Structure formats: C-alpha cells, structure tokens
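Please open the structure in your viewer and keep the selection panel at hand. We will go from one stop to the next, and at each stop there is something to select and something to look for.

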Amino acid sequence: MLKNITLGQYFPGDTVIHRLDPRIKILVALLFLVAVFVVRTMWGFLALTVLFAVIIALAKLGPVTILRSIRPLLFIIIFTFILNILFYSGQTVYWQWGFLTISKEGIEKAVFIAIRLVLLIVATSLLTLTTSPMQLTDGLESLLSPLKKIKFPVHEMSMMMSIAMRFIPTLIEETDRIMKAQTARGAEFDSGNLLKKAKNMIPLLVPLFVGAFKRADELALAMESRCYHGDEGRTRMKVLRLKRMDVWALVLMIAASVLFMVFL
Amino acid sequence: MEYVIDAQKIKYAYPTLEDAEPELALRGVTLQVEKGEFVAVLGHNGSGKSTFAKHINVLLRAQEGTLTVVGLDTADEANLWTIRSHAGMVFQNPDNQLVSTVVEEDVAFGPENLGVPQEQLRGRVTEALRAVGMEGFEKRAPHMLSGGQKQRIAIAGVLAMHPDIIVFDEPTAMLDPKGRAEVMETIRYLNKEAGKTIVLITHYMEEAAEADRVFVMSDGVVTDEGTPREVFSHKEKLEEAGLMPPLATQVYYDLKEKGLVLGKCPVTLKELVDELCR
C-alpha cells in the first residue's frame with residue numbers, strides 16, 4: 001500500500017510531453033490551474049478534460065496512473081462534495097433537516113467543485129508524472145533565478161527539494177520496514193479510535209525520524225566528499241534550453257487556455 | 001618512493017560535551033600508501049578505521065600529526081577541494097550517498113561540483129558508468145536498483161571526478177553476497193585496469209586478502225602491516241585486534257598443528273583448494 005504513492009512520482013518515459021522543457025511545463029501547469037478556476041461551465045470543464053486527455057495520451061500515461069494519483073486525495077474530494085451538498089442553500093430544495101439542505105443548486109455546486117478538484121489534481125499530476133523531480137527543481141530554479149538578486153537562496157531551495165524527493169521512496173521503504181518490525185513486536189497500527197491510532201504511530205515515527213537524521217548526516221558527508229560547496233563554480237550537465245517545440249507548446253497551451261477561459 | 005597518502009602519527013578525538021574527557025579515536029596512526037597500490041585497512045568496530053578513512057578525504061582533520069594526500073597537506077584549508085577531487089570516497093550505505101533520483105544525474109553530481117565544462121560532463125558520466133559495468137542504466141531511478149548496483153552507481157559518481165585515490169569505507173557491509181561480489185569485482189578492475197590507488201576499509205578478511213598490502217588497526221593505532229599472507233599468519237596480533245584470519249588460513253594452521261604442512265600459507269579459498277589438491 002505504501003509503495004503506490006504516485007503524487008510527485010515521476011513516470012519515466014520518452015514522449016513529446018516528457019521531452020518538453022520543464023520550465024514550459026511548470027508555466028503551462030500554472031496556466032491550467034488558473035483555467036480550472038476561471039472556467040465556470042460544464043462545456044469549459046469538458047474542453048479542459050479533453051485537453052488533459054490528449055496530453056495524457058501523448059505522454060502515454062494510461063488512465064490507471066492518473067486515477068492512482070487522484071486516489072490519495074479522494075477523501076478530500078468526497079468530503080467537500082458532501083459538505084457542499086449539505087450546506088449550500090439553493091432555491092430548489094429537495095430535502096431539508098435543520099440547517100442541512102439538499103438543493104438543485106447545491107448539487108450542481110458540489111459537482112462543479114468535485115470536478116474542479118479532480119482537474120486540479122490531474123493538471124498537477126501531469127506535470128509531476130512527466131517531469132523527473134530533478135528536472136522539476138531545475139526548472140523551478142531557473143524560473144526563480146531572478147530572485148537570486150535579492151539574495152533569495154534559490155539554489156539551496158531547489159537542492160533541498162530534490163533531496164527531499166530523492167528520499168521519499170527510501171523513507172517509505174523504511175516506514176514499511178519499521179511497521180513490520182513493530183508489528184512483529186506486537187504493535188498495532190490499525191485498531192482503536194483516531195486518538196489511539198495517533199498514539200500508535202509513536203513507535204513508528206520515533207525510529208523513522210532518528211533514521212532520517214542519521215541519513216541526513218551521512219548524505220551531507222557524502223555530498224561534501226563529492227566536493228559539493230553550493231552554487232558557486234558549479235556546472236550543469238543538463239542545461240535547460242528552449243527548443244522550437246517548447247515555444248510552440250507554450251503558445252498553443254496559452255491560446256487554448258485563454259480561449260476556454262474567455263468563452264466557456 | 002612516492003607516497004600518495006602519508007600519515008604521520010595522526011591523532012583525532014571526536015568532539016564531546018564540555019565536561020567529558022575526549023577519548024582519542026585515533027591515537028597516532030602512521031601509514032603510507034604508494035601510488036597505484038591496493039591497500040586494505042582491517043579492524044574491528046571502533047578500531048578507528050573509518051575515522052582514519054574520513055581523514056584522507058579531509059572530512060575530518062587531524063588534531064595532531066601530519067597527513068599529506070597526493071603531496072598536499074591536509075591541514076591547509078586552501079588544499080581542501082583539490083584533495084577531495086583527488087581522493088574520492090565511497091561510503092557504507094548506498095542509499096545515503098546518492099543525491100539524485102536519476103542515475104546519470106547522480107553520477108554527474110561530483111564533476112558538476114568541480115566545475116567541469118558542460119560539454120565534457122556527458123562523456124564523463126558514460127565513461128564512469130562503463131567502468132563499473134552499469135551502462136544502460138542512465139535513466140533509471142536508484143531506488144529501483146539492487147544494493148550492489150546502487151553501490152556501483154556511487155562508485156561511478158566518485159569515478160566521474162577522475163580521482164587518483166578511491167577510499168572505500170566498508171562498501172560491502174550492507175550488501176548481499178551477490179552485491180558484495182559485484183563491488184569487489186569493480187574495485188579489482190579500478191585498481192588493476194584503471195590504475196587507481198585503492199584504500200579499502202573493511203572487516204572482511206576475504207576482501208582484505210585481495211589487497212597488495214594490509215594494515216591492521218586496533219584501538220586507534222596501526223598494530224600490524226604487510227602482505228595479506230604475512231598479516232594473516234600473525235594469528236596473535238589479529239586476535240588482539242579482535243579479528244580472525246580467513247577460513248583458508250585457519251585451516252592451514254589447524255592442519256599444521258595436526259602435523260600436516262602444506263606448501264605455502266593460503267589466503268583465499270581457491271589457494272587452499274589448490275594446495276590441498278596438489
């Protein structure tokens with residue numbers, strides 16, 4: 001169960017979408033996020049869904065991968081869906097009990113928000129699934145590099161981010177291992193109420209944190225021994241360069257998004 | 001003779017709380033390594049062998065005594081990055097020394113830090129991955145690889161910096177037998193074919209048996225040195241250091257006690273078999 005987290009997990013491939021410049025992908029993803037919020041008709045959502053579907057197909061991701069990336073947030077989606085149905089006071093009331101009402105408008109609103117959330121997740125997943133964490137941080141570093149002028153530690157930030165991403169699978173594995181070890185010693189992780197469950201997490205979290213600090217220490221040592229000394233004098237194997245394809249993609253996506261936002 | 005590593009009576013104590021008496025982890029280590037040599041440093045847990053290894057890379061600085069690496073004094077702050085680029089280091093846990101989620105980017109990390117021009121980086125990565133037998137893994141994610149493969153990626157990462165010396169700090173301690181064999185094979189190749197000076201910190205006698213020279217460390221000092229055959233025959237000295245000679249050598253001496261003397265003292269199983277079948 002723990003190994004299937006795809007949020008922020010790169011799905012390796014060599015498609016047009018994978019090869020696009022990460023900066024372009026970040027900008028387009030941001031654009032999509034705005035579009036998802038601005039568009040307010042079903043037709044607009046449909047248009048965006050079709051657009052995303054085309055991109056998913058181009059990236060050869062397959063529906064399962066996308067669905068899997070939605071799953072961790074399914075609870076929030078359902079939660080907001082129910083809240084919206086029950087608390088939105090519309091005109092055409094179907095059912096009422098105290099302050100809880102189910103109305104036509106409420107259902108519409110709830111459906112809208114659910115679709116919106118799903119599209120938001122899909123839009124961001126499109127970015128993270130087709131862009132390696134390293135490319136992603138490189139892209140961010142490049143996009144944010146003007147901030148270096150005001151002494152904002154852009155390089156350090158991106159280094160921290162990429163290391164965090166590098167260690168996600170490692171720490172998940174470790175969590176798994178500790179869970180098994182503690183279960184073997186009689187610890188229970190699934191029983192009891194919420195408070196009990198939270199308490200049960202302590203024998204998991206303590207060793208996990210201790211281990212993480214130890215790893216951090218060793219990694220720092222390993223990085224130093226490989227001559228890491230910050231941004232200064234550092235070269236890059238992969239320098240981001242815009243290709244014609246990237247420019248076209250950006251122009252096309254801006255055009256499509258603006259079109260959707262204005263007309264739908 | 002030219003020594004690429006020349007340690008003279010180096011002492012080191014890890015920082016402790018103010019009132020605690022600092023205990024010396026190294027109490028005067030003297031040790032010299034020639035260019036192109038394959039040297040093993042044997043020792044029990046807490047013998048100071050890893051502490052010593054970290055000195056070669058100037059991750060730690062000797063508090064007393066002198067240590068020169070490739071002719072440069074480690075005490076001089078100005079030499080720090082030059083020494084680190086000449087003396088690479090591979091650590092025990094492969095998971096904790098890989099920085100990137102993509103193999104090729106990880107291998108490029110070292111040379112990138114050295115400021116190697118961009119157009120040469122790709123070549124260095126390809127060359128380093130070939131040397132460790134991991135070509136074709138460029139785009140893979142390290143966490144999907146086996147321990148031995150991860151460790152070889154880590155070696156490639158060091159190799160891409162074109163060091164003269166590579167220090168291995170118990171590189172096989174966390175690996176399964178297959179991974180261990182892969183890593184040892186790589187180390188052998190780097191020494192024999194690529195001409196790198198190798199310092200292998202280990203507590204496996206079988207690994208030390210492959211070295212040109214062996215140093216035994218115990219309690220922060222070098223207690224014995226010589227060829228593996230010489231060192232393994234000093235049974236008492238090994239035992240003092242909390243070590244046991246490798247199985248082949250033990251069998252040789254046990255047979256000798258029982259009155260059966262083989263031709264020469266074997267250090268590997270293969271040599272023992274050859275001797276017995278003669």
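In which order do the six strands of the open sheet with mixed pairing in chain B follow one another? Keep in mind, as you look, that this is a predicted model. Select the strands of chain B and you can trace the order β6-β7-β8-β3-β9-β10, in an open sheet whose pairing is mixed. At its edges stand β6 (87-90) and β10 (221-226) of chain B, and because each has a single partner strand, one side of each is left without a neighbour in the sheet. If you turn the view to look across the strands, you can follow a twist that averages 20° from one strand to the next.

Stay in this sheet and select residues 165-169 and 197-202 of chain B, which are the strands β7 and β8. These two strands pair in the parallel sense, over five bridges. To see one place where they face each other, pick Asp169(B), which stands opposite Ile201(B) in β8(B). Strands of a sheet pair through backbone hydrogen bonds, either parallel or antiparallel.

The next stop is another sheet of chain B, an open one in which four strands are arranged in the order β2-β1-β4-β5 with antiparallel pairing. Here β2 (24-34) and β5 (72-73) of chain B are at the edges, and since each has a single partner strand, one side of each is left without a neighbour in the sheet. Select residues 3-13 of chain B, strand β1, together with β2(B), and you have a pair that runs in the antiparallel sense over eight bridges. Within this sheet, Ala7(B) stands opposite Leu31(B) in β2(B).

Now show both chains and look at where they meet: 33 residues of chain B are in contact with 29 residues of chain A. On the side of chain B that touches chain A, α2 (80-86), α3 (103-114) and α4 (118-131) of chain B each supply at least two residues, and the largest share, seven residues, comes from α3(B). Coloured by class, this side of chain B shows 14 nonpolar, 13 polar and six charged residues.

Move on to chain A and select α2 (residues 22-38) with α11 (residues 244-263), whose axes come within 10 Å and cross at roughly 5°. Because angles under 35 degrees count as roughly parallel, α2(A) is roughly parallel to α11(A). Among the residues that make the contact are Leu27(A) and Phe32(A) of α2(A), and Leu250(A) and Phe260(A) of α11(A). By class, the contact has 13 nonpolar, one polar and one charged residues.

For the last stop, select α7 (residues 133-144) and α8 (residues 154-184) of chain A, which pack at an angle of about 165° with their axes 9 Å apart. The two helices are therefore roughly antiparallel to each other, and α7(A) passes α8(A) in a right-handed crossing. Residues to display here include Leu140(A) and Leu144(A) in α7(A), along with Met161(A) and Met165(A) in α8(A).

Methods
Residues numbered from 1 in each chain as written. Chains lettered and ligands numbered in written order. Predicted model: local features only at pLDDT ≥ 70, side-chain atom pairs only at ≥ 80, totals over all residues. Contact = placed C-beta atoms within 7 Å. Nonpolar A, V, L, I, M, F, W, Y, C, P; charged D, E, K, R; others polar. Pairing = 2+ DSSP bridges. Axes fitted to C-alpha atoms, helices over the stretch in contact; angles between N-to-C directions. Parallel < 35°, antiparallel > 145°, perpendicular 65-115°, else oblique. Left-handed = near helix turned anticlockwise from the far one by under 90°.
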